[in-house]
Amino acid sequence: MDRRLNPSKWSAEMSSIEDFYNPPAWSQGHISLDDAIFLDRMVREHEPQEIIEVGVASGCSSAVLLRSLALLGGPRKLHSFDIVNYCYFDPERPVGTAVEELAPQFMEYWSLYTAHRALDAGVQLKGRNIRLAFIDADHRHPWATLDLWALLPALAPDAWIVLHDITLARFSEWKVFGPEFLFESWPGEKTRASESSNIGAIRLAGNH
């Protein structure tokens with residue numbers, strides 16, 4: 001089942017996201033404003049205590065997730081994992097630097113793990129029954145699928161997994177299909193804002 005998010009539900013919060021989300025000029029490959037709105041809606045609708053993020057780079061998506069968690073209130077945590085300790089487009093810039101510019105007030109909600117893979121995330125957070133994850137790492141097939149597989153020990157049976165760049169190969173020069181293959185072939189519940197959206201989410205079903 002492909003369940004669409006109702007765009008009319010976004011109107012009350014879209015302006016606040018627009019005010020908040022202003023990626024720094026030096027950042028590359030970050031999520032779009034539409035992607036940020038989708039991420040925020042997923043957090044607000046499912047109210048996770050913890051989120052796993054695989055693939056950080058500049059940290060723009062991390063900032064959005066941190067803000068959304070903070071607005072829920074109470075003790076929350078974003079666990080962000082990246083395989084390197086620098087931005088892939090600038091070896092001189094540490095991973096996650098944009099968080100310090102976009103969301104310094106939300107740093108208390110953040111745990112950043114550099115030189116760590118999705119497999120490390122699954123091991124370190126095993127048994128936490130985390131209800132939301134965001135995968136935005138290596139887009140070559142089958143890495144998105146393998147990242148999801150690696151996270152399973154940490155995820156709740158009905159967890160949602162947000163996938164970025166599910167239309168990357170269709171609308172850019174980057175002909176990599178990993179997230180698209182995973183999203184389009186997923187046999188269970190999934191959601192996206194529209195047919196052309198570059199971000200979507202799939203839901204686990206039962207004992208994985």
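## Terms and model

Strands are DSSP runs of type E with at least two residues, and they are numbered from the N terminus. The structure described here is a predicted model. Isoleucine 52, for example, lies in strand 1, the strand that spans residues 50-54.

## Strand 7 and its partners

Strand 7 covers residues 155-164 and is mostly covered, since eight of its ten residues are buried. Strand 7 pairs with strand 6 in the parallel sense over five bridges. Two residue pairs illustrate this contact: leucine 132 has tryptophan 160 of strand 7 as its bridge partner, and isoleucine 135 stands opposite leucine 163 in strand 7.

Strand 7 is also joined to strand 9 (residues 199-203) by five bridges, and these two strands run antiparallel. Here valine 162 stands opposite alanine 201 in strand 9.

## A hairpin

Strand 3 (residues 86-87) and strand 4 (residues 90-94) run antiparallel and are joined by two bridges. Within this pair, cysteine 87 stands opposite aspartate 90 in strand 4. The link from strand 3 to strand 4 is a hairpin through two residues.

Alanine 154 lies in the loop between helix 6 and strand 7. Alanine 154 likewise counts as buried, because its relative accessibility is 0%.

Leucine 125 can be compared with both of these residues. Alanine 154 and leucine 125 are 29 residues apart in sequence, and their C-alpha atoms are 5.1 Å apart in space. Isoleucine 52 and leucine 125 are 73 residues apart in sequence, with 9.1 Å in space from C-alpha to C-alpha.

## Backbone features in the loops

Most residues other than glycine have a negative phi, and most peptide bonds are trans.

Alanine 57 has a positive phi, near 55°, although the residue is not glycine. Alanine 57 is placed in the loop between strand 1 and helix 3, and it counts as buried because its relative accessibility is 15%. Asparagine 129 is another residue other than glycine with a positive phi, near 55°. Asparagine 129 belongs to the loop between helix 5 and strand 6. With a relative accessibility of 47%, asparagine 129 counts as partly exposed.

Which peptide bond is cis, with omega near 10°? The bond in question runs from histidine 141 to proline 142. Proline 142 is found in the loop between strand 6 (130-135) and helix 6.

## The largest pocket

The largest pocket contains about 1000 Å³ of space. Its lining is made up of 38 residues, and the closest to its centre are Gly55, Asp136, Ala137, Asp138 and His139. The elements that give two or more residues to this lining are helix 3 (60-72), strand 2 (77-82), helix 5 (118-124) and helix 6 (143-151).

Which element provides the largest share of the lining? Helix 6 does, with five residues. By residue type, the lining of the largest pocket divides into 20 nonpolar, eleven polar and seven charged residues.

Methods. Residues are numbered from 1 along each chain as its sequence is written. This is a predicted model: local features need pLDDT of at least 70, side-chain atom pairs count only at pLDDT 80 or more; totals for chains, interfaces and linings use all residues. Side-chain values use heavy atoms; hydrogens and water are left out. On a 1 Å grid over the protein atoms alone, a cavity is a set of points where a 1.4 Å probe fits but cannot get out, and a pocket is an open set with protein on both sides within 12 Å along at least five of seven lines; lining residues have an atom within 4 Å of a point. Grid points are joined across faces, edges and corners, and a volume is the space filled by probe spheres set on the points. Helices (H or I, at least four residues) and strands (E, at least two) are DSSP runs, numbered from the N terminus. Ala, Val, Leu, Ile, Met, Phe, Trp, Tyr, Cys and Pro count as nonpolar, Asp, Glu, Lys and Arg as charged, and the others, Gly among them, as polar. Buried means under 20% relative accessible area, exposed over 50%, partly exposed in between (1.4 Å probe, protein chains only). Two strands pair if DSSP finds at least two bridges between them.
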